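Hello,

Here is the model we talked about passing on. Have a look at it first; my notes follow below.

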Amino acid sequence: MLRFIKRLVGRPIANRARRLAGEFLQQTEQAGKVQRDLLLSRIARNADSDFGRDHHFAEIRTPEDFRRRVPIGDYNRHEPYIDRVRNGEVSALFGPGTEVLMFAMTSGTTNRPKTIPVTREALQDYREGWLVWGIQAFDAHPDMIQDGMRPILQIASDWRESYTTAGIPCGAITGLTASMQNRMVRTTYCMPPSGSRIKDVESKYYVALRYSIYKNLGTIIAANPSTILNMVRLGDRERETLVRDLYNGTLDPKWAVPDDVRREIRFRTRIRRKETARRLESIIAEHGRLLPRDYWPNLEFLSNWMGGTMRAYLRGYPEFFGEKPVRDVGLIASEGRMTIPIEDGTPAGVLDIRHHYFEFIPEEEAEKPDPQTVEAVDLVEGKNYFILLTTAGGLYRYNIFDLVRCVGFHGEAPVVEFLNKGAHFSSMTGEKLSEHQVITAVETAQRSVGLRLRSYLLLPIWGDPPAYGILVENSDLPDDERADRFVAAVEDQLRTLNVEYAAKRDSLRLGPLRTIRIQDGGWGEFQKRRLARSGGTVEQYKQPHLIPDVEAIHAFPIVATINS
């Protein structure tokens with residue numbers, strides 16, 4: 001009966017999603033017109049805001065007018081207006097009748113997190129983007145919805161982490177959307193909504209597994225693949241506790257789950273899953289481990305970022321899941337969704353022209369004080385650009401510092417993939433080393449020497465001459481001989497990818513790359529420190545692979561430096 005009801009409720013939702021997806025794909029055929037109409041409607045809606053009056057919105061009739069009136073800016077330029085909205089002055093950024101539901105918090109470049117307004121219209125844009133993405137992904141994997149929606153594991157964070165002086169919640173937009181789900185649709189999602197309030201990362205991962213491991217899971221959705229890998233590694237490490245809790249209908253008290261959350265999930269926890277516990281015991285007895293390829297054998301696909309720094313983590317998936325397809329969730333941030341991938345196995349997605357207005361700064365223009373921009377339809381395949389957003393959340397010509405590459409077009413809409421954050425460049429002697437180059441070099445080097453690193457980080461090391469060190473957890477390097485071959489392979493790749501790096505090495509202005517072993521567990525501690533300092537949630541966290549800070553090396557527990 002429950003399955004029948006879920007199918008009955010799910011059918012109109014799926015039909016609406018297909019209608020939205022069809023409209024979106026049709027709009028790509030007229031992307032230029034769609035973008036211009038969207039921009040002018042946003043300008044008209046907020047013309048009476050203080051931001052609108054300060055930038056003469058009433059006089060804007062064309063995108064060219066918009067570019068003349070509104071300068072390119074980052075969060076710091078928007079922050080004075082956002083600060084007033086936090087204090088209840090909605091008219092600082094928005095026109096009459098606009099409702100601000102919350103502020104999405106995300107990591108900032110200073111100690112203060114960024115807070116991005118989420119209006120009702122912005123929330124609708126966010127949810128529609130996910131609907132379009134979801135139905136495209138599920139229709140490509142029809143077993144997800146053939147006989148009622150298969151269970152989905154998605155980990156959300158609290159949308160009420162704190163409140164502004166005006167009483168507006170601040171937190172993660174994923175938590176807000178989870179709390180607003182239809183009750184029957186919510187039963188499709190394994191993680192109870194109250195689980196978003198669990199702050200301890202490992203405790204949240206454990207609870208997610210506790211409520212999903214006995215189900216015929218269809219997909220796992222997480223922005224960062226490291227979230228998925230860390231969760232399933234925890235499940236293997238805590239396999240005895242997990243089996244015991246399932247058998248007894250308990251949740252071990254060692255997990256840091258708030259009392260109010262424990263009370264809310266108490267009924268579901270008390271249900272004993274003895275059959276599942278016995279099945280897991282058999283898996284452990286046969287394999288000596290507890291891996292998702294054995295307890296979720298029918299998983300359809302994995303859903304997470306695939307571009308930029310994320311590619312390195314995907315190499316760890318076969319060990320845990322076998323050969324499963326991966327669907328990128330899209331280039332998405334607290335500021336807004338930028339792409340909607342419509343195929344498996346690629347980080348590229350169609351620009352979300354339906355919900356935000358976009359401009360692009362050609363990479364070669366980025367250092368200019370007043371760079372020229374191009375509209376979405378004018379991108380050139382194969383070229384790199386920095387992306388600018390104008391959104392329903394009160395952001396205008398907002399530079400998110402994401403470097404993307406145009407890899408093609410769907411109709412008139414560009415298909416782009418994320419390369420790296422623009423801030424992740426390092427240049428001690430003019431070499432202009434990018435994070436994208438580092439990732440490519442390390443991935444190639446790992447394959448050539450047969451290594452699989454859980455993570456890594458390239459840091460500048462000051463000296464005479466200065467050099468770079470690649471930080472690796474101790475157990476990831478079996479011996480110094482392999483470490484020597486690995487760092488030599490990385491060095492060769494960096495020389496090939498960056499002629500300036502090669503020139504600086506040949507002229508001895510840069511010293512040789514070296515390998516630095518850090519204590520096991522160092523990446524987890526590094527993540528905790530960064531989140532504590534800059535705000536944001538573990539789901540949003542992006543492990544950097546290049547930090548241009550010569551002081552950063554002092555924050556790591558170094559075991560040994562080799563190749564020096």
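Arg 505 is buried, because its relative accessible area is 12% (buried means under 20%, exposed over 50% and partly exposed in between, with a 1.4 Å probe and protein chains only). This is a predicted model, in which local features need pLDDT of at least 70, side-chain atom pairs count only at pLDDT 80 or more, and totals for chains, interfaces and linings use all residues. Residues are numbered from 1 along each chain as its sequence is written, and side-chain values use heavy atoms, with hydrogens and water left out.

Arg 505 sits in helix 20, residues 499–506. Helices (H or I, at least four residues) and strands (E, at least two) are DSSP runs, numbered from the N terminus. Arg 505 touches Glu 491, Arg 495, Leu 510, Gly 511 and Pro 512, leaving aside residues up to four places away in sequence; contact means heavy atoms within 4.5 Å. From Arg 505 to Glu 431 the C-alpha distance is 9.4 Å, across 74 residues of sequence.

Helix 20 packs against helix 19 (residues 480–497) at an angle of about 120 degrees, and their axes are 5 Å apart. Axes are lines fitted to C-alpha atoms, for helices over the stretch in contact, and angles run from 0 to 180 degrees between N-to-C directions. Helix 19 contributes Glu 491, Leu 494, Arg 495 and Leu 497; helix 20 contributes Val 499, Tyr 501, Ala 502, Arg 505 and Asp 506. By class, this contact has five nonpolar, no polar and four charged residues. Ala, Val, Leu, Ile, Met, Phe, Trp, Tyr, Cys and Pro count as nonpolar, Asp, Glu, Lys and Arg as charged, and the others, Gly among them, as polar.

Next, another arginine. Arg 268 lies in helix 13, residues 266–270. Arg 268 is partly exposed, as its relative accessible area is 30%. Its side chain reaches the backbone oxygen of Cys 190 at 3.1 Å. Cys 190, Pro 192, Tyr 211 and Lys 215 are touched by Arg 268, not counting residues up to four places away in sequence. Thr 250 is 18 residues from Arg 268 in sequence and 9.4 Å away in space, C-alpha to C-alpha.

Then the strands. In strand 20 (residues 457–461), five of five residues are buried. Leu 457, Leu 459 and Ile 461 point one way, Leu 458 and Pro 460 the other. Strand 20 runs antiparallel to strand 21 (residues 467–473), with five bridges joining them; two strands pair if DSSP finds at least two bridges between them. Pro 460 has Tyr 468 as its bridge partner in strand 21. The two strands are joined by a hairpin through five residues.

Thr 391 is in the loop between strand 15 (384–390) and strand 16 (398–410). Thr 391 is buried, with a relative accessible area of 3%. It touches Arg 42, Glu 335 and His 356, not counting residues up to four places away in sequence.

In helix 11 (residues 239–248), Thr 241, Leu 242, Val 243, Asp 245 and Leu 246 are buried. Their cover includes helix 9 (201–210), helix 10 (225–237) and helix 14 (274–287). Gly 249 follows helix 11, with a positive phi near 70 degrees.

Last, confidence. The chain has a mean pLDDT of 91, and 95% of its residues reach 70 or more; pLDDT is the predictor's confidence in each residue, from 0 to 100. Over residues 1–6 the pLDDT is below 50, and this stretch has seven contacts in the model beyond near neighbours in sequence. Where pLDDT is low, the predicted coordinates should not be read in detail.

Best wishes

Terms used: Polar contact = N/O pair within 3.5 Å; in protein donor to acceptor, adjacent residues only side chain to side chain.
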